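User: Could you walk me through how to read strand pairing and burial here?

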Amino acid sequence: MLFDLARPALFALDPERAHRLTVRSLALSPRSGPPAPGPLATTIAGLDFPNPLGMAAGFDKDGEVPDQLLGLGFGFTEVGSITPRSQAGNPKPRLFRLVEDRAVINRMGFNNGGAEQARKRLARRKGRPGIVGINIGANKDSSDRIADYAVMSRLMAPLASYLAVNISSPNTPGLRALQDEGALTGLLDAVIDARGEGGPPVFLKVAPDLEPADVDAIARIAIERQLGALIVSNTTISRPTLHSRHAGETGGLSGAPLRDLAQQRLRDFRKATGGAIPLVGVGGITSAEDAWARIRAGASLVQLYSAMVYEGPGLPCRILRGLEKLMHRDGFASIAEAVGSE
């Protein structure tokens with residue numbers, strides 16, 4: 001109800017300014033613990049999730065409000081992307097609401113305060129309950145991006161429930177080339193080595209704009225390197241039919257129009273991995289039905305972000321209530337049992 005009242009004022013603001021206002025408002029609210037485990041609880045990569053719904057990276061870039069997000073009902077949250085050095089990102093404006101399409105286009109460019117600032121902030125919550133993944137990236141002007149990921153892995157491993165390696169943002173030139181087979185092998189070896197023995201599981205976030213050969217190669221490497229999960233997928237540079245005046249903006253498209261592409265790419269990775277590695281479904285999830293379809297297609301966990309722009313902070317609890325009803329309706333005793341049952 002409060003969101004419905006505030007939404008016109010928020011939508012009157014520039015999207016990036018509205019986002020910063022939202023994060024600051026959350027930062028001023030009390031920190032609460034994560035939701036208690038219930039019928040939707042599941043275990044992935046050795047981590048016990050109270051439910052399978054997470055906040056995707058991009059909302060809490062600097063790790064300012066992870067506990068407040070968990071307090072909204074999310075079973076986990078992913079902060080970042082964080083780079084070794086602070087960077088301003090791409091020129092503004094760089095964030096656009098496509099209201100008619102229930103979508104967002106961004107070309108933020110890994111804007112964040114850098115590793116040291118985030119490390120100090122996240123260290124203050126160490127020991128608190130709740131699963132908080134840390135999404136790591138490379139600086140735009142880095143001469144050795146693999147070294148950047150290794151540095152981030154070493155710095156953030158002690159503070160992360162899991163590390164998410166983001167090589168799929170379309171807004172840092174050349175970054176997606178790290179998804180190529182040769183580069184990806186070297187990158188993951190460096191990240192895993194820097195993480196150290198006994199460190200958190202490593203998740204890999206991939207783009208939806210992949211060819212079948214890319215899917216097969218990434219799946220094989222992920223299994224060989226025993227990754228904790230694949231996050232499928234990031235924003236898309238493709239453009240389905242859109243109706244907003246901002247449809248021609250460059251950057252990554254997220255929100256409702258991404259749903260079908262992200263769903264198909266999840267199916268592709270489920271087939272390529274044969275269920276040998278957990279998948280995290282993200283992209284265009286706006287409802288319990290969307291989340292359930294992703295789980296039935298092979299996702300052990302799901303994430304959202306753009307839908308919150310349009311639906312507000314009550315969305316996680318609505319989705320979780322709907323998921324529990326759908327799980328029981330279809331005769332499953334647990335989320336794990338439903339994964340890949342499509």
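**Strand β6 and its neighbours**

Analyst: Strands β6 and β11 (residues 252-255) run antiparallel and are joined by four bridges. Two strands count as paired if DSSP finds at least two bridges between them, and strands are DSSP runs of E with at least two residues, numbered from the N terminus, while helices are runs of H or I with at least four. This is a predicted model, where local features need pLDDT of at least 70, side-chain atom pairs count only at pLDDT 80 or more, and totals for chains, interfaces and linings use all residues. Residues are numbered from 1 along each chain as its sequence is written, and side-chain values use heavy atoms, with hydrogens and water left out.

User: Which residue in β11 stands opposite V104?

Analyst: That is S254. Strand β5 (residues 95-98) also pairs with β6, antiparallel over four bridges, and there L95 has N106 as its bridge partner. Four residues separate the strands of this β5-β6 hairpin, in which R102 adopts a positive phi near 55°.

User: Are the faces of β6 buried or exposed?

Analyst: Buried means under 20% relative accessible area, exposed over 50%, and partly exposed in between (1.4 Å probe, protein chains only). In β6 (residues 103-106), A103 and I105 on one side are buried, as are V104 and N106 on the other, leaving both faces covered. Across the protein chain, 55% of the 342 residues count as buried.

User: How many helices and strands does the protein chain have?

Analyst: The protein chain has twelve helices and 13 strands.
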